[in-house]
Amino acid sequence: MNSSLMELQQAIKQQNEDMKEELNDLNKWIDAVEAKKKQKKSVDGMFDNSELPPIRGTAPTLKVEKKKKVPAEDPIQVAKDQGNEYFKRGDYTDAIRLYSKGIDLDPDAFAAHVLYGNRAMCHLKLNAFDLAEKDASSCVQLNRSYAKGFYRRAIARKNLGKLREARSDLEAVLALAPGDRDAETELRAVTQAIREADQRESASASTKRKKIVIAEVEDEDDEAPEVPEPTASASATNNTQVSEEESEDHATVAARTERIERDLEKLHQQRVSDEHRRRNNAATEEAELNKRRRTHDRVEIIEEDEPTAVAPSSLPPTSIPTVEVSQPPTAAKPEGPTVEGSPSHAKASTKTSSIRPRTLKAEWSKDTIKSPTNFTEFERVYKNVRDNEELLDHLISVVPSSMYRSIFGVNLTPELLYDILLSAARGSGTRSKDIVSSLATLSRVGELAMFFDDREKLALENALRLAASAGLSDIEMKRVRKAFEL
């Protein structure tokens with residue numbers, strides 16, 4: 001984000017230098033024109049035209065007065081002014097029409113970015129946020145120093161749900177127009193919305209982690225065909241049918257019974273065929289999975305008599321900080337449609353134990369947490385020990401003060417800054433002094449501190465109070481408070 005702000009500042013600086021050069025050229029041209037006018041007047045003053053006789057064939061009454069040329073009005077400016085009038089009256093549709101007319105006359109004109117920005121504002125009033133975002137993007141492409149274009153695009157993106165893009169635009173507005181209250185208010189709201197969205201996403205991700213146990217019936221003969229329970233209406237119908245069947249002859253009853261038995265037999269055969277086909281497909285998938293399966297030296301395959309779940313506490317701890325490696329679960333190999341006594345059937349029956357993978361989860365401790373050399377190494381450990389205050393404090397303590405700028409320079413987030421401040425407030429005074437002094441060297445802390453809530457401000461004050469008790473000088477305290485915009 002700092003790189004994008006630096007590029008924006010460089011673009012603004014370059015535009016200012018170009019404008020200064022153009023103004024200097026314009027002033028030189030004006031001076032040259034004025035000099036020519038003065039020279040012409042001095043030449044004309046040498047001759048008195050009033051004493052010269054009139055030209056033959058002319059008379060004062062026949063002289064035609066030269067018409068003064070009236071400069072033509074700029075049609076783009078006219079369309080812009082008329083659009084502004086409609087906008088003031090609340091007629092946003094006609095305002096859009098006139099702004100569009102001005103843009104169509106010259107899309108790359110000097111003031112075209114203003115027309116795009118004004119049309120984006122009309123779209124915002126009409127809740128057409130996608131069109132507003134498009135026009136605001138065209139506006140800032142034509143003029144990267146137009147703060148209103150970034151602000152209007154931020155509002156459109158906020159309503160479209162693009163919260164992180166909206167926050168980037170609002171930060172650009174504050175870089176171009178520091179102290180803009182509207183931008184600061186919107187930036188606070190967008191930052192809070194991003195935090196809430198992240199919390200909801202993490203909560204939904206945790207609820208999705210469920211285990212489903214599927215049990216299959218091995219013996220088909222033990223399964224009885226499902227027979228729906230008769231309802232009240234069905235019972236009444238059956239009684240009526242029984243009374244009618246009693247009046248029929250025995251041949252009709254026998255034929256009907258035979259037809260029912262035949263249909264049941266077909267249904268049973270179809271069911272057995274479907275079951276065999278399903279087992280064959282499962283066996284084929286299992287064979288393909290075994291071919292693709294990869295082994296790892298940190299994954300232990302064990303055999304158990306029963307597929308019982310292994311408690312997390314029973315896993316032996318390991319001191320190697322590795323990423324958790326998991327192996328695809330091995331399903332129980334189903335029996336195929338083979339005849340009992342065949343080699344394949346015998347091979348399947350002899351395998352009475354199921355193979356289940358067991359993952360050796362990385363266990364972090366003070367001995368395994370080393371000083372990180374970049375943000376990637378820090379983040380990998382930080383995500384695993386964030387909920388453990390003791391390990392988190394140790395991780396922050398092993399980060400050298402000289403490495404704060406290279407590790408956290410452009411990667412510091414509000415959540416990470418809050419955790420560092422909490423850790424500083426929990427430790428000793430000397431440790432707190434080193435942490436806050438190192439954070440003060442980061443330019444990003446000021447931007448993040450502008451949007452601190454009461455909880456984050458309290459953590460910062462506690463850390464500063466502890467650092468002051470450890471002998472932080474007044475000059476150093478002023479520098480730290482200035483860095484945090486206090």
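The legends below describe close-up views of a predicted model.

Residues are numbered from 1 along each chain as its sequence is written, and side-chain values use heavy atoms, leaving out hydrogens and water. Because the model is predicted, local features need pLDDT of at least 70 and side-chain atom pairs count only at pLDDT 80 or more, whereas totals for chains, interfaces and linings use all residues.

View 1. In soluble globular proteins, nonpolar side chains tend to be buried together. A nonpolar core is a set of buried Ala, Val, Leu, Ile, Met, Phe, Trp, Tyr and Cys residues joined through side-chain atoms within 4.5 Å; buried means under 20% relative accessible area, exposed over 50%, and partly exposed in between (1.4 Å probe, protein chains only). The largest such core holds 41 residues, and F378, F408, L412 and L439 have the most contacts inside it. Two or more residues each come from α12 (375-385), α13 (389-397), α14 (404-408), α15 (414-426), α16 (429-439), α17 (444-449), α18 (454-469) and α19 (474-483). Helices (H or I, at least four residues) and strands (E, at least two) are DSSP runs, numbered from the N terminus. With 6 residues, α15 gives the largest share of this core.

View 2. Contact means heavy atoms within 4.5 Å. Apart from neighbours within four places in sequence, L439 is in contact with Y404, L417, I420, L421, V445 and F484. A second, separate core has 14 residues, including L170, L174, L187 and F451.

View 3. A salt bridge is a side-chain nitrogen of Lys or Arg within 4 Å of a carboxyl oxygen of Asp or Glu, and the whole structure has 20 of them. R97 pairs with D94, their closest N and O atoms being 3.8 Å apart. The two residues lie 3 residues apart in helix α3 (residues 92-105), so about one helical turn separates them. R97 is partly exposed, at 46% relative accessible area, and D94 is also partly exposed, at 22%.

View 4. R119 and D135 meet through their side chains in a salt bridge (2.8 Å, N to O). Because R119 lies in helix α4 (residues 112-125) and D135 in helix α5 (residues 129-142), the pair ties together parts that are 16 residues apart in sequence. R119 is buried, with a relative accessible area of 15%, and D135 is buried at 5%.

**View 5. A salt bridge between D419 and R386.** The closest N and O atoms of D419 and R386 are 2.9 Å apart. This pair links distant parts of the chain, 33 residues apart: D419 is in helix α15, and R386 is in the loop between α12 and α13. D419 counts as buried at 8% relative accessibility, whereas R386 is partly exposed at 38%.

**View 6. A network of salt bridges around R157.** Salt bridges link E133, R153, R157, K162 and D169 in a network. R157 is found in helix α6 (residues 147-159) and is buried, with a relative accessible area of 14%. Not counting residues up to four places away in sequence, R157 touches E133, S137, K162, E165, A166 and D169.

**View 7. The meeting of helices α4 and α6.** G117, N118, M121 and L124 in α4 meet R152, I155 and A156 in α6.
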